[in-house]
Amino acid sequence: QVQLVESGGGLVQAGGSLRLSCTASGPTRIINSMGWYRQALGKQRELVATITSNRVADYVDSVKGRFAISVDTAKNTVYLQMNNLKPGDTAVYYCSADITTNWGRSDYWGRGTQVTVSS
């Protein structure tokens, strides 16, 4: 069974930094892409950043220049470096991965990690 486990969330003051990590484990044959989504209280889940297996990254406009996504393919781990955090970044951050296993290709999700930015 494929599992995604996130870590690195927490409480930080505005202007501070956090680094999120997400590791995929289980019968992963090919990790096609990985990404981060977030959901603030009372709002819909939104895409924050994605990165493909050949390291092509994309970001939502609101985090461009502040967040950086990277991947360590040897460790099946994706990172999200978040700098100059703002109160509006407060949300539960979810890791997602497009993974091919012996049984086919699917999207998988982690349980989420809370990021709280105080003003």
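Visitor: Which two strands form a hairpin with two residues between them?

Guide: In this predicted model they are S9 and S10. Residues are numbered from 1 along each chain as its sequence is written; local features need pLDDT of at least 70, side-chain atom pairs count only at pLDDT 80 or more, totals for chains, interfaces and linings use all residues, and side-chain values use heavy atoms, leaving out hydrogens and water. A strand is a DSSP run of E with at least two residues, numbered from the N terminus.

Visitor: What makes S9 and S10 a pair of strands?

Guide: Two strands pair if DSSP finds at least two bridges between them.

Visitor: Why is the link of cysteine 22 and cysteine 95 called a disulfide?

Guide: The term requires a pair of cysteine sulfur atoms within 2.5 Å. In this link the sulfur atoms are 2.1 Å apart, so the pair qualifies. Cysteine 22 lies in strand S3 and cysteine 95 in strand S9; the pair therefore ties together parts that are 73 residues apart in sequence. The angle about the S-S bond is -80°, which makes the link left-handed. A search of the whole structure finds one disulfide.

Visitor: What makes the contact of arginine 105 and aspartate 98 a salt bridge?

Guide: A salt bridge is a side-chain nitrogen of Lys or Arg within 4 Å of a carboxyl oxygen of Asp or Glu. The structure holds five salt bridges.

Visitor: Why is arginine 105 called exposed and aspartate 98 buried?

Guide: Buried means under 20% relative accessible area, exposed over 50%, and partly exposed in between (1.4 Å probe, protein chains only). Arginine 105, at 57%, therefore counts as exposed, whereas aspartate 98, at 14%, is buried. Elsewhere, lysine 64 forms a salt bridge with aspartate 61, with the closest N and O atoms 3.0 Å apart. Lysine 64 is partly exposed at 48%, and aspartate 61 is exposed at 61%.

Visitor: What do aspartate 89 and arginine 66 form?

Guide: They form a salt bridge whose closest N and O atoms are 2.8 Å apart. Aspartate 89 lies in the loop between S8 and S9, and arginine 66 in the loop between strand S6 (57-59) and S7, so parts 23 residues apart in sequence are tied together. Both aspartate 89 and arginine 66 are buried.

Visitor: Why do S1 and S7 count as edges of their sheet?

Guide: Four strands form an open, antiparallel sheet in the order S1-S3-S8-S7. Strand S1 (3-7) and S7 each have a single partner strand, so one side of each is left without a neighbour in the sheet.

Visitor: What makes a set of residues a nonpolar core?

Guide: The members are buried Ala, Val, Leu, Ile, Met, Phe, Trp, Tyr and Cys residues joined through side-chain atoms within 4.5 Å. The largest such core has 28 residues, and those with the most contacts inside it are Met34, Trp36, Leu80, Met82 and Tyr93. Among the elements giving two or more residues are strand S4 (30-39) and strand S9 (91-101). S9 gives the most, with five residues.
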